[in-house]
Amino acid sequence: MKNIPAHFNLKIRGLGIGSHPVELSVPAEELDLPMFRGDVKVHGKLIISDRLELHLVIEATGTFICDRCAIEFEKTMKPHLELLYVPPQLAKDIEEDDDIHTFDPQTTNEIDFTDDVHDALLLAIPMKNLHSADCKVVDLGENLIMIDERLSSLGSLYERLREEEMNSDAPSGVSQG
């Protein structure tokens, strides 16, 4: 992943203890997320005490290709993101977690959670991306015939290479010829 400039920043200097609303928006292309378009929106709340808690919902609409039928479709992802920022003295008591960050309350003016938003959106994309839960493989007509022809030619190529290998005097492996 290339370095993404800080786009999701919250100024924390001067905020009092309690709950504060969070609402930010950044164009998807600025976050190195080519499958998403439009704005990536983040909303939720920041809770300030001896630590900072971010409770967020991310919204982003993307264009995907169905893994089963190859139809292009749009889908809005809405992953939740829970982040915790703690001072260094509290960090030693907490087990390592990617959602826990350290910050110095005396010198930190703002927190940046751009990478967290980026990663949360990538992780929200399902392993099997279907345009609907009941998606069936569609009849591709001529395209399916072309795929069958390609696969059958690969099969015959494999058989021919295997036959050549069996008939050659060279030890098994690839030979030049």
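This is a working chat about a predicted model of one protein.

User: Let's start simple. How many helices and strands are there in the protein?

Analyst: The predicted model has three helices and eight strands.

User: What pattern do they follow along the sequence?

Analyst: The pattern reads β-β-β-β-β-β-α-β-β-α-α.

User: And how much of the protein counts as buried?

Analyst: The protein has 177 residues, and 28% of them count as buried.

User: What about the surface? How much of the accessible surface belongs to carbon and sulfur atoms?

Analyst: The accessible surface comes to about 12200 Å². Carbon and sulfur atoms account for 51% of that surface.

User: Contacts next. What share comes from residues 24 or more positions apart?

Analyst: Take the contacts with a separation of 6 or more. Residues 24 or more positions apart account for 59% of those.

User: On to the rings. How many aromatic pairs are there?

Analyst: The count is three aromatic pairs. One of them joins Phe36 and Phe64.

User: Is that pair stacked or edge-to-face?

Analyst: Phe36 and Phe64 sit edge-to-face. Their centres are 5.7 Å apart, and their planes make an angle of 85 degrees.

User: Why does that angle count as edge-to-face?

Analyst: Because planes over 60 degrees apart count as edge-to-face, and this pair has 85 degrees between its planes.

User: Is Phe36 buried or exposed?

Analyst: Phe36 is buried, at 4% relative accessible area. Phe64 is buried too, at 5%.

User: Which residues form the aromatic cluster?

Analyst: Phe36, Phe64 and Phe73 form one cluster.

User: Switching to charges. How many salt bridges are there?

Analyst: The count is three salt bridges. Side chains of opposite charge can pair when their charged atoms come close.

User: Which residue does Glu110 meet?

Analyst: Glu110 meets Lys11, with 3.2 Å from N to O. Glu110 is in strand β8, residues 110–112, and Lys11 is in strand β1, residues 9–11. The two are 99 residues apart in sequence, so their pair ties together those parts of the chain.

User: What does Arg37 pair with?

Analyst: Arg37 meets Glu74 in a salt bridge, with 2.7 Å from N to O. Arg37 lies in strand β3 and Glu74 in strand β5, residues 72–77, so the pair ties together parts 37 residues apart in sequence. Arg37 is partly exposed, at 39% relative accessible area.

User: And which residue does Arg51 meet?

Analyst: Arg51 meets Glu53, with 3.3 Å from N to O. Arg51 counts as partly exposed, at 31% relative accessibility. Glu53 counts as buried, at 19%.

User: Why is Glu53 called buried at 19%?

Analyst: Because buried means under 20% relative accessible area, and Glu53 has 19%.

User: New topic. Where is Cys66?

Analyst: Cys66 is in the loop between β4 and β5.

User: Is Cys66 buried or exposed?

Analyst: Cys66 is buried, at 3% relative accessibility.

User: What is Cys66 in contact with?

Analyst: Set aside neighbours within four places in sequence. Cys66 is then in contact with Ile71, Phe73, Asn129, Leu130, His131 and Cys135. Phe73 also belongs to the aromatic cluster with Phe36 and Phe64.

User: How far apart are Cys66 and Lys128?

Analyst: In sequence, Cys66 and Lys128 are 62 residues apart. In space they are 8.2 Å apart, C-alpha to C-alpha.

User: Last topic, the backbone. What is phi for Asp32?

Analyst: Phi of Asp32 is near 60 degrees. That is a positive value in a residue other than glycine. Asp32 lies in the loop between β2 and β3, and is partly exposed, with a relative accessible area of 31%.

User: What about phi of Ala70?

Analyst: Phi of Ala70 is near 65 degrees, again a positive value in a residue other than glycine. Ala70 lies in the loop between β4 and β5.

User: Is Ala70 buried or exposed?

Analyst: Ala70 is exposed, with a relative accessible area of 55%. Cys66 is in the loop between β4 and β5 as well, but counts as buried, at 3%.

Terms used: Residues are numbered from 1 along each chain as its sequence is written. This is a predicted model: local features need pLDDT of at least 70, side-chain atom pairs count only at pLDDT 80 or more; totals for chains, interfaces and linings use all residues. Side-chain values use heavy atoms; hydrogens and water are left out. Rings of Phe, Tyr and Trp (its six-membered ring) pair if their centres lie within 6.5 Å; planes under 30 degrees apart count as stacked, over 60 as edge-to-face and the rest as tilted. Buried means under 20% relative accessible area, exposed over 50%, partly exposed in between (1.4 Å probe, protein chains only). Helices (H or I, at least four residues) and strands (E, at least two) are DSSP runs, numbered from the N terminus. Contact means heavy atoms within 4.5 Å. Accessible areas come from the Shrake-Rupley method with a 1.4 Å probe; for residues, only the protein chains shown count as cover. A salt bridge is a side-chain nitrogen of Lys or Arg within 4 Å of a carboxyl oxygen of Asp or Glu.
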